[in-house]
Amino acid sequence: MKKQERNMLLKFVLPVVAVFLIFFVYPSLRTIYMSFYKMGSLSMDPAEWEFAGFSNYVDMFKNPLFVKSWVNVLKIAVIGGAAVFIIALFFAVTLSAKFKGSKVMRAIVYLPNIITPVAMVTMWNQYIYNNEYGLFHELFSFLHLDALADIPWTSSEWAFRSMMVAFCFGSVGYYMIIYLSAMEKIPADYYDYAALEGASKFYMFRRITMPLLRDTTRTAVTFWMMGAINFFLWSRVFNVNPLAPETMVPANLMFNMVFGGSTSGGSVTKMNVGGGCAVGVFLCVAVVVVFSIINFLGNKDRYEY
Amino acid sequence: MAKNRFIKTSRTSTNKLGICIMTLWCVFTVFTLVWIVSASLSTTSEIFDNKILSSGLHFENYVLVLEKYNILKYFFNSLLYTASSCFAVIFLAAPASYAIATYEFRGRRLVQTAYASAMGIPSVMLMVPVYMMVGRMGLSKNLLVLVVIYTFTMVPFTMFFLISFFSTIPKDIQESALVEGCTHSRAFWKVIFPLAQPGIVTVTIFNFIGTWNEYTWALIFANSSDRRTLALGLQAIVDGMRYSGNWAALFAAVVLVFLPTLIMFIFLSEKIMGGVTAGAVKG
């Protein structure tokens, strides 16, 4: 009987262990290894790779595009994050009072999360931000705000801000849903007693809701930060030129260095596979650091209910 | 009832400002979608003259996109990649999750922790060696490569979700199956697995949406006209239309791309939004 149980466990667990080793561990280690070598292209025979020590990393920090790409990620993480979390929390509070149409509103705010991001980008770029018939152009012209109506939203000067607004707009629904369901789990008595004691609504939000949402916030912030660090698709699709520095992010930079960046009429970057791997390793380190910081900060005085 | 009155004054009192802002937010979203659908049924010059739909419905935009731009091909590619990998990942991850959730064995914690951290590994960390491995095996033009990769990338989240799901199934059920003479693996496949359908359906909906919208791996392994996914196909069409200046057909392509997920969302919105929190809040 024991032997049969062991057989079952082997049959059930070994395949995922194999997948873990082949698909997650080996490639990660290989990427770290490659980041210490110089190689011209992906097809180059490993025997011809040239050991480069830390020079890929040194070059990386000297590359202005690399620095720019992290500044962009930081802006998305902090400025975009603040906006998304404030709006999501505000919407969640609004929806926690069930009113007529609240379910439909919840679904509509969440909707952008299930639309293929490339389609979302196209809707923003080709309609909302369009300068001839676009929604913003028409709306601001109608309101006689001509300065706003004439802003070239997708020009290189505005592209990053426009991209961030569009991305954040779509993200709000996800965090709203997470907060909403956490709020619904808080026992109603807490609010009843606080109301009996004469607490104001804002006071209750600050002293009851916020502390009890601490764990949820930690999870949500982790998700947001991971999304910001791994930001890729929008950077690649939003700008007509996927290699433009204004909308560059690390994952996209790495992709261009490794696979060469020439999709549609953009200029071709010089391929530097080892350097690209260094960018990837640094990104992975950033994930670990951010993860540890959030865990460390979030574990102080937890509330149970 | 006194109690109800208090509830009304505290948590569930409505927030008028919030409702106003949310209404505007929703109007913005719905208006955009309606405009895009209308534009896809107009002509390009109507779009530029702000007179959409003024000369009747132009279904020829859709005909053009469907016939000349291969969008059906991309659609079936996406369906093939997504459906097969969502199916495969269950058979890989469900037995393992069950074993981890209900049996004590050496290395159990290790496997669980390993997969929890795998969720955090960025795909850029994997893509170069994986690309080289696939190239060395001579498979870079094979449709199945993306299916296998999607299956593997979904294992961490699927296990994370299913481990917590299987630990909610009472142990008595498994024990009574064993008493009746089932082997340990038969007990799983014949008794537990059918009972786990609700969890499997929820995680599959998530896997489906994630894979359907996936972009990075597809860009590496499926960026040629016969293997493209719907997302990459749309990007290629958008790039093409920008040069040919056919905006009406461009919007028709956008509509064809978001329609399948939109329809799915209309029917499954409660389940999808409920699942978001099951996956996020429990962790």
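Of the 305 residues in chain A, 41% count as buried, a residue being buried if 20 or more other C-beta atoms, placed from the backbone, lie within 10 Å of its own. This is a predicted model, in which local features need pLDDT of at least 70 and side-chain atom pairs count only at pLDDT 80 or more, while totals for chains, interfaces and linings use all residues. Residues are numbered from 1 along each chain as its sequence is written, and chains are lettered from A and ligands numbered from 1 in the order in which they are written.

Chain A comprises 14 helices and two strands; helices (H or I, at least four residues) and strands (E, at least two) are DSSP runs, numbered from the N terminus. The C-alpha trace of chain A spans about 75 × 75 × 35 Å along its principal axes.

Chain A is touched by chain B: 76 residues of chain B are in contact with 82 residues of chain A, where contact requires C-beta atoms, placed from the backbone, within 7 Å. Helix α14 (residues 247-281) of chain B gives the most to the side of chain B that touches chain A, with 14 residues.

Within chain B, helix α6 (residues 108-118) and helix α8 (residues 143-166) pack at an angle of about 125 degrees, with their axes 8 Å apart. Axes are lines fitted to C-alpha atoms, for helices over the stretch in contact, and angles run from 0 to 180 degrees between N-to-C directions. α6(B) and α8(B) are therefore oblique to each other, because angles under 35 degrees count as roughly parallel, over 145 as roughly antiparallel, 65 to 115 as roughly perpendicular and the rest as oblique.

Terms used. Contact = placed C-beta atoms within 7 Å. Buried ≥ 20, exposed ≤ 12 C-beta atoms within 10 Å, placed from the backbone.
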